[in-house]
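Have a look at the coordinates alongside them.

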Amino acid sequence: MSATSEPGPLPTPRVVVGVCGSLGSLTALARAADEARGREAELWPVLAWEPPGGELTSRRSPGSSVLTEEWERIAGERLLKALDDVLGPRGPEVRVRALVARGLPGPTLVGIACGEDDVLVVGTGRRGLLHRTLWPSTSRYCLARATCPVLAVPPSPLQAELEAAHRRNFWRLRLDAGRLEPHS
C-alpha cells in the first residue's frame, strides 16, 4: 500500500536584510525593499541585538531580566524607526515581517536566511584597519557562511560626505567653501 500526499504550499521567497539604524543599513534596507518587489518576495528586516557587555555579562547582572526586556524594547523601537525612515508611511508595497532577534548579527542573519529561495541583503561600510580588528564585519561573516545568495550593498555616497564632515569637525578644520555649490 502506498500513500500519496498533496504537495504543501511552496514557501514564499524572502529577502532578509540586516538593519541596525546606521546609514549603511538604511541603504541596504532600501535596496532589499526593491529586491523584494522585483522578486515578489516577503521583506524580512532583522535587527539582531545583544545586551551591552555581551551575553555573559548580562547573565551575571542581578537585574538582567528587567534590563533585557528594556533592551529588547529599545531594539524594536530602533527597527520601527528605520522602517519608517526608509519605507515611509506607505511601506514597501510587499509583505513585511520585521524581526527583533537576540544574538550576534552575522550568525543571526545567516540562521534566518536559510531557505533555498531566500536572498540575504547586508550593508557594507568603509572601515579602517583598527575598526575591522576590534569589530568583526557582519557582511564578511554572511558572505562566507550563508547558504543563500548574499547581496552586499555598498555605502551611500552621502556616508563618505558625512564621515568627511565629522572628521573636519573633530579636528576643528575649516570648511572648504570652494567645494560648496550655489543652489538656485
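The points below cover the cores, the cysteines, the rings, the backbone and one loop.

1. Ground rules before anything else. This is a predicted model, so local features are taken only at pLDDT of at least 70 and side-chain atom pairs only at pLDDT 80 or more, while totals for chains, interfaces and linings use all residues. Residues are numbered from 1 along each chain as its sequence is written, and side-chain values use heavy atoms, with hydrogens and water left out.

2. Start with the largest nonpolar core, which has 22 residues. By nonpolar core I mean a set of buried Ala, Val, Leu, Ile, Met, Phe, Trp, Tyr and Cys residues joined through side-chain atoms within 4.5 Å. Buried is under 20% relative accessible area, exposed is over 50%, and partly exposed is in between (1.4 Å probe, protein chains only). The members that touch the most others are V15, V17, V19, L29, A32, L43 and V121. At least two residues each come from β1 (14–18), α1 (23–39), β2 (42–49), α3 (64–87) and β4, and α1 gives the largest share, 6 residues. Helices (H or I, at least four residues) and strands (E, at least two) are DSSP runs, numbered from the N terminus.

3. L43 deserves a click. Ignoring neighbours within four places in sequence, L43 is in contact (heavy atoms within 4.5 Å) with V15, V17, L29, A32, A33, A36, L87, P92, V94, R95, V96 and R97. A separate core of 14 residues lies apart from the largest one, and its members include V16, L99, V110 and C142.

4. On to the cysteines. How many disulfides are there? The count is 0, taking a disulfide as a pair of cysteine sulfur atoms within 2.5 Å. C142 is in none, and its nearest cysteine sulfur, in C148, is 8.7 Å away. For C148 the closest cysteine sulfur is that of C114, at 8.3 Å, which is too far for a bond. C142 counts as buried because its relative accessibility is 0%, and C148 is buried too, at 7%.

5. Rings next. The structure holds 1 aromatic pair, and F170 and W171 form it: edge-to-face, 4.9 Å centre to centre, with 90 degrees between the planes. The rule is that rings of Phe, Tyr and Trp (its six-membered ring) pair if their centres lie within 6.5 Å, with planes under 30 degrees apart called stacked, over 60 edge-to-face and the rest tilted. F170 is exposed at 55%, and W171 is exposed at 59%. Elsewhere, R14 lies over the face of W44, 4.3 Å from the ring centre; that needs CZ of Arg (or NZ of Lys) within 6 Å of the ring centre and within 35 degrees of the ring normal.

6. Two backbone spots to check. Most residues other than glycine have a negative phi. E93, not a glycine, has a positive phi of about 65 degrees; E93 sits in the loop between α3 and β3 (99–102) and is exposed at 54%. R172, also not a glycine, has a positive phi of about 55 degrees. R172 is in the segment after α7 (157–170) and is exposed, with a relative accessible area of 75%.

7. Last, E116. Where does E116 lie? In the loop between α4 (105–112) and β4 (119–123). E116 is exposed because its relative accessible area is 77%.
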